[in-house]
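Subject: A structure to look at, with notes

Dear colleague,

Please find below the structure that I would like to hand over to you. Could you open it beside the sequence and keep it in view while you read the notes?

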Amino acid sequence: MKKVMVTFILLVLLTSICFTPSLAATSDNDLEKVIISFEDGIDYQVLEDMGAEIHSELDAISSVIATIPSTTITKADTDISVKAISDEQIFKAAAQQPSWGYQQIKAPSALKVGYTGKGVKIAVIDSGINSKHPDLSVVGGASMIDNSSAFIDRNGHGTHVAGVIAALNNSIGVVGAAPDAEIYSVKVLSSNGSGTLEDVLDGIQWAIDHKMDIINLSLTTDAHKSELQAMLKKANDLGIIVVAAAGNNEIVDTQGNYVQVEDDVLYPARYKSVIAVGSTNTNNRLSSFSYIGPSVELVAPGEGIYSTFSKDAVINPAEYQNSEGTSVSTPFVAAVFAQYKEAYPHLTNGQLRETVKRSTIDLGATGKDQLYGNGLVQSLQKQAALYPDLIPNFWYSDSIQFIFNQGIVSGFPDGTYRPGATITRADAITMIGRALGWENNATRHYFHDVSTGSYAAGYINKAYELGYISGMPDGSFQPSAPIKRGDMAVILKKIFGLTSSGAHSFSDVNQTRYYAEAIQAAYENGIVLGYSSDIFRPEASITRAENAVMLSKSLKLQ
């Protein structure tokens, strides 16, 4: 197979930051605080002779911490009983140095509410990851490059990307936005930062075969390849979230400005199955090197980002480096998706994609634009309910969870549940049909406004055949009309055989109406409570949350 080179814009590597303990001695009127160690036990006579003020005794090592005149240090050091005199050494607490980007996407908020990417599998398809780095935990991976280990990164790029996503939350270096995510090193780029189409395809195939949740592609090429497009579409169809760098401009005009030669982002970010990520600076402005175009979906910090790094996995295992590029922005987005995947494991990749887009900070022109896409990606900032638009531990929570567990509801394509929205007559019968295990057989045709191709046709047919519904006087069913609270009570009474005592509990329910007995039966069986002590609102449209409560309570009576 002819190997096609897939190149990415190499990060500008600026500075390496290391920590060196500092030594300091304090003095006051020619006095110095020191540690005096003795050969055989503490010699108090020597201490008295040198004018020492003892602060503490370290019997375990025959030493004292004391203040002595600086003029006596040399003399005391020659005393036969003194083993050594040491300056007091200043220690500093080991500390992480999270990048500004970590703060900008509000990653600390996700950490505070407990979303760290735990259990989410992320394939970093890159130049490898230095598995010996003490600030990283690499779960597994594979190298698509012959005679090269996935766990040695001679370029440093893949290690830097991995740190942005999942540097450990410890006392050293940096911390990733999803520090508990499971990172897999899939090596497709050589030490010079380039790779072949063949190797990239093999890397994506590996991620598919090993059931990754997220693929991070901090690499670009300016050429469309149908094989690459098909492979990424397959990954997306299988539920994998794929994020990729929009690309970095390399051409500069005579005034020093970057010139974009393409009319959109580079590949593979340009494909619809991929989330294209651009770069922003500390002022939330688009980085001058970042590619733009209609395919840009999200932006994230990408300038001067401090993260794990390594060119030699053996000699320098704990390197860190500042880097920039859309390659750096991409892992921030991958990490945020890991947070959301942990919080909403039942949502599809498409639903998560819409959910993350809704949570962004809109930059530039209002709405989606070609510079910032949908905006600056943001981490989870509150405790999640079953769906992003639900309130945790609310009056409807248990009921919606119950019908979700029963496979009755799955939410909307955008990842929402819409608890306050009205429910249509077709949706109501569909939920009942699923709850009762009906087959969605649409071979018969009872209502002129319900086509056999409708998603609810089979359930509506079955409900009609069993006598649970009868339709409208004109022979229609009105499937798109909201269903009334009184009508839902009638249907539930018929299906579950609810009975009542004949009492009248609600002042706004006319006892001559067809739904009066059904509402009373639903009330006495604990299925409805009403809005107040005597108000039911029978003609009001039922909401999706109210329907969940009524349906779940009815099912629990069985």
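The notes below say what was found in it.

This is a predicted model, in which local features need a pLDDT of at least 70 and side-chain atom pairs count only at pLDDT 80 or more, while totals for chains, interfaces and linings use all residues. Residues are numbered from 1 along each chain as its sequence is written, and side-chain values use heavy atoms, with hydrogens and water left out.

Confidence comes first. The pLDDT is the predictor's confidence in each residue, on a scale from 0 to 100; its mean over the protein is 88, and 91% of the residues reach 70 or more. Residues 1-5 have a pLDDT below 50, and this stretch has 11 contacts in the model beyond near neighbours in sequence, a contact meaning heavy atoms within 4.5 Å. Residues 7-28 also have a pLDDT below 50, with 55 such contacts beyond near neighbours in sequence. Where pLDDT is low, the predicted coordinates should not be read in detail.

Next come the strands and helices, which are DSSP runs numbered from the N terminus (helices are H or I, with at least four residues; strands are E, with at least two). In strand E10 (residues 214-217), Ile-214 and Asn-216 point one way and Ile-215 and Leu-217 the other way, yet all are buried. Here buried means under 20% relative accessible area, exposed over 50%, and partly exposed in between, with a 1.4 Å probe and protein chains only. Two strands pair if DSSP finds at least two bridges between them. Strand E6 (residues 121-126) runs parallel to E10 and is joined to it by 3 bridges, with Ile-122 opposite Ile-214. Strand E11 (residues 241-245) is also parallel to E10, through 4 bridges, and Val-242 in E11 is the bridge partner of Ile-215. From E10 the chain passes through helix H7 (residues 226-237) to E11, a β-α-β crossover that is right-handed, which means that, with the strands pointing away from the viewer, the path from the first strand over the helix to the second runs clockwise.

Gly-176 sits in the loop between H5 and strand E8 (182-187). Why does Gly-176 count as buried? Gly-176 counts as buried because its relative accessibility is 1%. Leaving aside neighbours within four places in sequence, its contacts are Tyr-102, Gly-163, Val-164, Ile-165, Ala-166 and Ala-167.

His-55, by contrast, belongs to strand E3 (residues 53-58) and is partly exposed, since its relative accessible area is 40%. Not counting residues up to four places away in sequence, His-55 touches Lys-33, Ile-65, Ala-66 and Thr-67.

Finally, some backbone details deserve a look. Most residues other than glycine have a negative phi, and most peptide bonds are trans. Tyr-267 and Pro-268, however, are joined by a cis peptide bond, with omega about 5°, and Pro-268 lies in the loop between strand E13 (258-259) and strand E14 (275-280). Lys-106, which is not a glycine, has a positive phi of about 60°; this residue lies in the loop between helix H3 (100-104) and helix H4 (107-112). Asn-393 likewise has a positive phi, near 55°, in the loop between helix H9 (349-358) and helix H10 (397-405), and it counts as exposed because its relative accessibility is 77%.

With kind regards
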